Amino acid sequence: MNGVRATLAIALRNFRPSRRENWLLNVALAFIALALFVSMGADRWTMFLLAALPLAAAATAATLHIRSTWLFAIPLYGRQLARACALNAIAYGLAAPALVLTGEVVFRHAASLDTIVWVLAGSSVAALVGLSATLRDGLVRAAYIVGGGLSGFAIASLASAGIPWFGTLAFAVLLGFVALRAFGETLARYDPIPEA
Amino acid sequence: MISSTIVRVDGARFVRDGVDLIAPFSLRLEADEMATVEQPNARAAKIAARIAAGIVKPTSGRAFIADFDTRLQPAQAKRLVGFVPAEGFRVEGPPVETIARALAAIESELRFRAAVWGANYASMRRRAESELAAYTFLRDGQSQAHALALALALSTEPALIVLELPPAGVAEHVAAATPGCAIVSSSVSGQETIASQVATPLAEVTG
């Protein structure tokens, strides 16, 4: 079986119209971000980017509908399913940051490579950590969303501490790998049983 | 030596938060055999069907599809299964009225399965079409959802068909339509039974 073909097929299936609420959430977040962007000064704007975007990415990833029987009937291993879900989570999670960066470039002409790297890498890692919230409930679910936000914040902090962009990126790749691996393990152990 | 057994479940239990959610069950089926797993309630019947299909892992006991352990080799095991969920396959919009429209409604799902199973789309479509033609799927929404789910499940040429709480008559229809397959269906008995499920040859089921 072609694993790449199967992974892409699953990721694309998740983009079908019945799951458009994820996109709507992201677009709404992006519009809020752009509205705040216009009304804020540069320092406060940066703080907003640091705190809100990774958290938004993690929260958006947590809305993915993964606990469905069809996903677990697919003849793939947990890690392969996890990769497909990760493609979705990152795509959803990056929608708002990509719009914000576009606004930064268009309105301020000020998005440096460092900024672009930490915003995109931070939001991606936050989405991957937030993905684990999809299989949890209650406080643990909330903890994964907050944890995703904090992961993105940590990556942004590295950049603001003067670490060059490739150092930030390497840390983000490491963190993202660990998050994806953990999600894959959880997915492999998860049993989709009907509600009582 | 390769076993001719298509599905084997040995003393499967499913425990959540210290509570047994199903009546423990065992079964063993070869090709052209069918068994019904009876459970005390609908939730237990769904879990039992999912264990037989390799979708849910038993807390204790083991499940094999062909010779693949569903816990250790889930991808290989699930590849041989056509799973028909209790809710069937629902499509948005008004009920489909012809086989052509039914095929159009499941086209993207068929393409998806062709990609994931690594199967030929045209062959899968032909099998789905012949299944839809053989099934009286236009009676009502529930029946239609089952017909579509069956067409999708059979399109991948499974060795094992698992029917989760099928409506009356569906198991017999599938038995007649799929020679060479093993069929597991789940149902609600209302009793807290602990019993092995007895295999019935398909020839007896279909008369």
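Axes are lines fitted to C-alpha atoms, for helices over the stretch in contact, and angles between N-to-C directions run from 0 to 180 degrees. The model shown in these views is predicted.

**Figure 1. Helices α6 and α7 of chain A at their crossing.** Helix α6 (residues 113-131) of chain A and helix α7 (residues 138-160) of chain A have axes that come within 8 Å and cross at roughly 155°. Because angles over 145 degrees count as roughly antiparallel, α6(A) is roughly antiparallel to α7(A). The crossing of the two helices is right-handed. On the α6(A) side the contact residues are Trp118(A), Ala121(A), Gly122(A), Val125(A), Ala126(A), Val129(A) and Gly130(A). They meet Tyr144(A), Gly147(A), Gly148(A), Gly149(A), Ser151(A), Gly152(A), Ile155(A), Ala156(A) and Ala159(A) of α7(A). Sorted by class, the contact of α6(A) with α7(A) comprises nine nonpolar, seven polar and no charged residues.

**Figure 2. Chain A, the chain that holds α6(A) and α7(A).** Chain A has eight helices and zero strands, and its elements run α-α-α-α-α-α-α-α from the N terminus on. Of its 196 residues, 49% are buried. Contacts in chain A between residues at least 6 apart in sequence join residues at least 24 apart in 80% of cases. The chain exposes about 9000 Å², and carbon and sulfur atoms supply 71% of that area.

**Figure 3. Helices α4 and α5 of chain B at their contact.** Helix α4 (residues 107-117) of chain B packs with helix α5 (residues 121-134) of chain B at an angle of about 130°, and their axes are 9 Å apart. This angle makes α4(B) oblique to α5(B). In passing α5(B), α4(B) makes a right-handed crossing. From α4(B), the residues in contact are Glu107(B), Leu110(B), Arg111(B), Arg113(B) and Ala114(B); from α5(B), they are Tyr121(B), Met124(B), Arg125(B) and Ala128(B). The contact of α4(B) with α5(B) has five nonpolar, no polar and four charged residues.

**Figure 4. Asp17(B) and Ala66(B), residues of chain B with positive phi.** Asp17(B) is not a glycine, yet has a positive phi of about 55°. Asp17(B) sits in the loop between β2 (15-16) and β3 (19-20) of chain B. Its relative accessibility is 74%, so Asp17(B) counts as exposed. Ala66(B), also not a glycine, has a positive phi of about 55°. The loop that holds Ala66(B) lies between β6 (60-65) and β7 (68-69) of chain B. With a relative accessible area of 28%, Ala66(B) is partly exposed.

**Figure 5. Chain B, with its helices and strands.** The secondary structure of chain B consists of eight helices and twelve strands. Of the 207 residues of this chain, 49% count as buried. Among contacts in chain B with a separation of 6 or more, 65% are between residues 24 or more positions apart. The accessible surface of chain B comes to about 8900 Å², and 52% of it belongs to carbon and sulfur atoms.

Technical notes:
Residues are numbered from 1 along each chain as its sequence is written. Chains are lettered from A and ligands numbered from 1 in the order in which they are written. This is a predicted model: local features need pLDDT of at least 70, side-chain atom pairs count only at pLDDT 80 or more; totals for chains, interfaces and linings use all residues. Side-chain values use heavy atoms; hydrogens and water are left out. Helices (H or I, at least four residues) and strands (E, at least two) are DSSP runs, numbered from the N terminus. Angles under 35 degrees count as roughly parallel, over 145 as roughly antiparallel, 65 to 115 as roughly perpendicular and the rest as oblique. A crossing is left-handed if the near helix is turned anticlockwise from the far one by less than a right angle, and right-handed if clockwise. Contact means heavy atoms within 4.5 Å. Ala, Val, Leu, Ile, Met, Phe, Trp, Tyr, Cys and Pro count as nonpolar, Asp, Glu, Lys and Arg as charged, and the others, Gly among them, as polar. Buried means under 20% relative accessible area, exposed over 50%, partly exposed in between (1.4 Å probe, protein chains only). Accessible areas come from the Shrake-Rupley method with a 1.4 Å probe; for residues, only the protein chains shown count as cover.
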